[in-house]
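Visitor: Please take me through a single part of this model with some care, and keep to what can be computed from it.

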Amino acid sequence: MKKLLILTAFLSISVAMFSQGVTYFDNPVNRGDFADPTIIKVGDTFYVTATSSEWAPHFPLFTSTDLINWEQVGHILNEKPQWTSHSFWAPELYYMNNKMFCYYTARRKSDNVSYIGVATSGGTSLDFEDHGPIIEYGTEAIDPFVYNDNGNLYITWKAYGLDNRPIELLGSRLSEDGLKLEGEIFSLLKDEGIGLEGQYHFKHGEFYYIIYSAKSCCGPGSDYDVRVARSTSFFGPYEKYSDNPILYGDGTDYISCGHGTVVETDDGRLFYYSHGYQSGDNFFLGRQHILHELQITEDGWLKFKTGRVAVNRHQVPFAGTIQKGVSDFRDDFNSKELNVSWTWNFPYSDINTEIKNGRLILSGNMTEGNENGTALCLRPQTIRYNYITKVSNVNDSFKGLTMYGDDKNMVAIGIKNNNIEVRSVSDGKSSTHYSKSIDIAEPHLKIEVERGRLLRFYYSLNGENWITATDSVFDASHLVRWDRVARPGLIHIGDGNNPAEYDYFELNNL
């Protein structure tokens, strides 16, 4: 009996120790192409948004209570502000006086120059109102960040990025309501020929710190990294760390990383929330959100808990948290409004969508120079998946599935009247890879994706038995744009009076 009691006690202690053991999460924490993130904490909730570039709605907004499981709750801007044209980049969230601010970059419609605007929302209602541009400076002003120094509000930004001179981080005092500049513009930090952007300011002890990114931000050759400078005054001068960079990709888990902000937990820990390009085929998922714990060194500099190399595996920020897996997606078009996950290529077409009787009706008015329709797409979250739809109407428009880069770089399988086609467009040049008349004009269509870029095309007359549309695998690597990767989704090419109708759409991660 004594031995049994001892054994029982041992097992109880072992179970307790195991249940209290360290658990881990894997980066990315928010999957899919979504660069230049900003994070804030209001109450018990973390809020994140990031660059949306040429996809609308603008600046998708996510919330979390544990930093690793995120849910999309809306967008900062559901409509394009009147002063803007395109290129919605690098937003920055800020919260004060029971109001949420989003400072953001967009191109001004009158001259296509990138400047900085602001939108606000009462409390955490997430119902944002745009207030127009507040920084119209030089030939480019991007990457805003707002900082409160002893009750004085300042905004900083990247300047001179398009000029034949060193890039600088500039700053100016903000009005108390955060909606306009006050006082003279001043310089904080200058580039040394390797780039300077995506800044984050904070103070710890005697030092003011600027965490920033350098080198090449985008594309397969990206070598973006994270650096730090410090000063005993917010206005500088700033000393750059001699052992920069403090975070970078070495090609193992990540090829590059950067452009993030820091959030502090209730117990005083600091977490740097940025983006990173994964290595290998995962590059084709774009710049995804990654999380690294930041620490202050004994000599007053910064380091990351897991070292200088960006990695996937980390200890969870909050004990007992379990990271959820990647979810599949299905839309049966039974809601009154379009699912919040859908995005569209707004510079190339004024999109028209309607959900009626369990079907999506899709069309658009193509802008001048666009001959390749209107795309409604999702951000892919894995490199192996398929996506399927059923076309539910017959007309002269081409309608079906696409892998979409932009209006001059895409691939699609669809139907026009009763003819199945596989098409591609590369740098504006169109090619037809498959064409066949079928007995039914309302087929199911499927694209299978391997390694994030290798596509196979199928159609079915009943949704069960699939017919291969092409014998060869299509390599969609060329669809990567300089600042974004291709997205899967639905497409309509044709007159707006002849829309596409879809019965459902599903994306299955394999």
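Guide: Let us take the largest pocket, to whose lining β4 (58-64), β5 (71-77) and β39 (500-509) each supply at least two residues, strands being DSSP runs of E with at least two residues. This is a predicted model, in which local features need pLDDT of at least 70 and side-chain atom pairs pLDDT 80 or more, while totals for chains, interfaces and linings use all residues. Residues are numbered from 1 along each chain as its sequence is written, and side-chain values use heavy atoms, without hydrogens or water. The largest share of the lining of the largest pocket comes from β5, with three residues. In total 30 residues line this pocket, and Asn30, Phe62, Trp70, Ser327 and Gln381 are those nearest its centre (a pocket is an open set of points on a 1 Å grid where a 1.4 Å probe fits, with protein on both sides within 12 Å along at least five of seven lines, and lining residues have an atom within 4 Å of a point). The space inside the largest pocket comes to about 850 Å³, a volume being what probe spheres set on the points fill. By residue class, its lining divides into twelve nonpolar, twelve polar and six charged residues (Asp, Glu, Lys and Arg count as charged; Ala, Val, Leu, Ile, Met, Phe, Trp, Tyr, Cys and Pro as nonpolar; the others, Gly among them, as polar). As a side note, the structure holds one disulfide, joining Cys217 to Cys218 with an S to S distance of 2.1 Å, where the cut-off is 2.5 Å between the sulfur atoms. The torsion about the S-S bond of Cys217 and Cys218 is about -95°, so this disulfide is left-handed.

Technical notes: Helices (H or I, at least four residues) and strands (E, at least two) are DSSP runs, numbered from the N terminus.
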